[in-house]
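Welcome, and take a moment to look over the sequence and the 3D view below. The report that follows walks through some local features step by step.

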Amino acid sequence: MWEPVLGNRDVSYSCGVSTHEDHRPRARRPRRADVARLAGVSPATVSFVLNRTAGQTISDETRQRVLQAVAELDYRPNRAAQGLRQGRSATIGFVSHDVDFGVFAASAIKGAHEASLRHGNLLLLVNTGASNRQAAQLVADLLDRQVDALIFAAVGTKSVVLPDDARRVPTILLNCFVPDDSVPAILPDEVRGGREATQALLDLGHRDIAYLTGTVSAWATKARLRGFREALRGAGLDPRNHTVMPGNYHADSGYELARKLLRRGPRPTAIMCGNDRMAVGAILALLEAGVRVPEDVSVMGYDDQFQLAAEVHPALSTVRLPYDVMGRLAAEQLAAGEPAVGNGRTLVHCPLVMRDSTAAPAGGPAGA
């Protein structure tokens, strides 16, 4: 700081420097050698204990001394250095091949993240904006950052173009697949989901069930419709006698199709919908027409969409898309060092969730 030095006439100033704690050098980060010194063992023994190296005979007493020293020093291994020694980074790249991170992608990411943490891995997330060119660039960027493996995910099950670089590391496809099934893929079992949803309505006594499907060309639509028809045939019913009307997975589609269905004549006792949004639209159309749900017509959704299916009135009976389970399974397989589902597809069960929008038909199996 500046201090005046007084003379007879002249005033001069000297500059003093004040040192504050903020400028002191930070304490050195504890090293493996520090842990070894405190525990009274060799640095190699510290490594064997922390890495749980197989084939090493280390007494429980020594192990506890090492762990106590680690705790006292707040020692954290240098991941970058470990990666160089072990040839791995403990990082998995998660590539979302979609326009943005939606609610279903978030569920898959959550499952993968939780499983990765349990195995000491971290997820590095990127989004391609549904661009194949961007996907190729981002996969290359992830590999430049030394990720050990990749999860390549899509919302809306579909065939994808996997960047060639992705095959340089273990890669699992999540909710998507390549046409020749040369890369392991984890998919929802949509056929079984459609079949079990239909069977639930059959078990309630419904025999006149209409189906307002999602987009005709979508993989999920085809699979769910196949399950619908399988369940009908299993009950001795001819699927050709049941109304199937294609929609587009949006609420306005469910609304318009339900209105059209009511104008056609004898109404069904139950309506299957392509997804929960279509089911909400269908319920709105039914209620506007004075048709009670589920007293007059039962409505079955699909997806179990977060903050929708359980919160509308009546709460939707639906089928849950198991994206969280799928994400967890992908990360578990990669952590095990084997996306060893081999090539081909692993199908994950889509559980049925029964709520208030379905009930036994008021008029019995014959319907209204």
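How many nonpolar, polar and charged residues does the lining of the largest cavity have? The lining has 10 nonpolar, 2 polar and no charged residues. Here Ala, Val, Leu, Ile, Met, Phe, Trp, Tyr, Cys and Pro count as nonpolar, Asp, Glu, Lys and Arg as charged, and the others, Gly among them, as polar.

## Before you start

This is a predicted model, in which local features need pLDDT of at least 70 and side-chain atom pairs count only at pLDDT 80 or more, while totals for chains, interfaces and linings use all residues. Residues are numbered from 1 along each chain as its sequence is written, and side-chain values use heavy atoms, with hydrogens and water left out.

## The cavity

Back to that cavity. On a 1 Å grid over the protein atoms alone, a cavity is a set of points where a 1.4 Å probe fits but cannot get out, and lining residues have an atom within 4 Å of a point. Grid points are joined across faces, edges and corners, and a volume is the space filled by probe spheres set on the points. The count comes to 1 cavity of 30 Å³ or more, and about 80 Å³ of space lies in the largest cavity.

Among the residues that line the largest cavity are Phe 94, Phe 104, Val 155, Leu 174, Asn 175 and Tyr 323. Two or more lining residues come from each of β3 (91–96), α5, β5, β6 and α11 (323–335). These element names refer to DSSP runs numbered from the N terminus: helices (H or I, at least four residues) and strands (E, at least two).

## The second largest pocket

A pocket, unlike a cavity, is an open set of points, with protein on both sides within 12 Å along at least five of seven lines. The second largest pocket has a volume of about 460 Å³. Of the 21 residues that line this pocket, Phe 104, Val 155, Gly 156, Arg 277 and Asp 303 are the closest to its centre. The elements that give two or more residues to the lining are α5 (103–118), β5 (149–159) and α8 (219–234). Sorted by class, the pocket lining divides into 10 nonpolar, 5 polar and 6 charged residues.

Is strand β8 enclosed or open? All 5 of the 5 residues of β8 (residues 209–213) are buried (under 20% relative accessible area, where over 50% is exposed and in between is partly exposed, with a 1.4 Å probe and protein chains only), so the strand is largely enclosed by the rest of the structure. Ile 209, Tyr 211 and Thr 213 lie on one side, with Ala 210 and Leu 212 on the other.

Two strands pair if DSSP finds at least two bridges between them. β8 runs parallel to strand β10 (residues 270–273), joined by 4 bridges, and Leu 212 has Cys 273 as its bridge partner there. Strand β9 (residues 244–246) also pairs with β8 in the parallel sense, over 3 bridges, with Thr 213 opposite Pro 246. From β8 the chain crosses through α8 to β9, and this β-α-β crossover is right-handed (with the strands pointing away from the viewer, the path from the first strand over the helix to the second runs clockwise).

## Aromatic pairs

The structure holds 3 aromatic pairs. Rings of Phe, Tyr and Trp (its six-membered ring) pair if their centres lie within 6.5 Å; planes under 30 degrees apart count as stacked, over 60 as edge-to-face and the rest as tilted. In one of the pairs, the ring centres of Phe 177 and Trp 219 are 6.1 Å apart and the planes are at 50°, so this pair is tilted. Phe 177 in strand β6 (residues 171–177) and Trp 219 in helix α8 are 42 residues apart. Phe 177 is buried, with a relative accessible area of 8%, whereas Trp 219 is partly exposed at 24%.

Tyr 211 and Phe 228 form another tilted pair, 4.9 Å centre to centre with 55° between the planes. This pair links strand β8 to helix α8, and both residues are buried.

## Backbone details

A cis peptide bond joins Val 293 and Pro 294, with omega about 10°; Pro 294 sits in the loop between α10 (276–288) and β11 (298–300). Another cis peptide bond joins His 313 and Pro 314, with omega about 0°. Pro 314 lies in the loop between β11 and β12 (318–319).

Asp 303 is also in the loop between β11 and β12, and its phi is near 115°, a positive value in a residue other than glycine. Gln 307, in the loop between β11 and β12, has a positive phi near 60°. Asp 303 is buried, with a relative accessible area of 7%, whereas Gln 307 is exposed at 57%.
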